[in-house]
Amino acid sequence: MINNVLEKLIKEKFNGKNPEWKKAKWGDVNVLCSWDDKNWYYQHNNVIIIQSKQEDYTPHCYECSSKIDFKAQRKSIWFGEFDGCVGGGEVKTEHIPYCPKCEKEPSESGVIIEKSGYY
Ligand SMILES: [Zn+2]
């Protein structure tokens, strides 16, 4: 699905040339980011988010033009040395961007396993 949107973006905004995507942090989440003179573009999950550099800074879904929503998600972070998620962990809140039309609303909680040592 993202490929169709990506193709549309490349055609309409980048003259058919594949833009360079950089890994970036947007708020609390990892995204791929690209830009031109007018806009920022973010890839997150299967959605491409467009944000104008000039006028309305509200991020929108590139596919359906909906305003991007943010969902506060509490994440438990468990460290790898505690097998099976027992032991210490910490909770942090992340704000997850999502398109209310194209995506399911993210759940309120999630788990990140941070491994220490080797994988
Ligand atoms: Zn959308």
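**The sheet and the core**

Modeller: Trp 40 has Gln 51 in S4 as its bridge partner; this and everything that follows is read from a predicted model. The bridge belongs to the antiparallel pairing of S3 with S4, which extends over 6 bridges. These two strands form a hairpin with 2 residues between them, and in that hairpin Asn 45 adopts a positive phi near 50°.

Leu 32 illustrates how the strands are linked: its bridge partner in S3 is Gln 43, while Lys 23 stands opposite Leu 32 in S2. S1 and S2 run antiparallel and are joined by 5 bridges.

Taken as a whole, the sheet is open and antiparallel, with 5 strands in the order S1-S2-S3-S4-S5. Strand S1 (22–26) and strand S5 (60–61) are at the edges; each has a single partner strand, so one side of each lacks a neighbour in the sheet.

The loop that leads from helix H1 (2–13) to S1 contains Pro 19. Pro 19 has 16 C-beta neighbours inside 10 Å and therefore counts as partly exposed. Beyond residues up to four places away in sequence, Pro 19 touches Ile 10, Phe 14 and Ser 34. Its C-alpha is 9.5 Å from that of Cys 33, a residue 14 places away in sequence.

The largest nonpolar core comprises 13 residues, and those with the most contacts inside it are Tyr 42, Val 47, Ile 48, Ile 49, Cys 61 and Tyr 62. Two or more residues come from each of strand S2 (29–35), strand S3 (39–44), strand S4 (47–52) and strand S7 (89–98). S4 gives the most, namely 3 residues. The core also draws at least three residues from each of domain 1 (2–61) and domain 2 (69–114).

Setting aside neighbours within four places in sequence, Ile 49 is in contact with Tyr 42, His 44, Pro 59, His 60, Cys 61, Tyr 62, Ile 68 and Pro 97. Among these contacts, Tyr 42, Cys 61 and Tyr 62 are also listed with Ile 49 as residues having the most contacts inside the core.

Note on methods: Residues numbered from 1 in each chain as written. Predicted model: local features only at pLDDT ≥ 70, side-chain atom pairs only at ≥ 80, totals over all residues. Core = buried A, V, L, I, M, F, W, Y, C linked by C-beta atoms within 7 Å. Buried ≥ 20, exposed ≤ 12 C-beta atoms within 10 Å, placed from the backbone. Helix = DSSP H or I, 4+ residues; strand = E, 2+ residues; numbered from the N terminus. Domains from an automatic or database assignment. Contact = placed C-beta atoms within 7 Å. Pairing = 2+ DSSP bridges.
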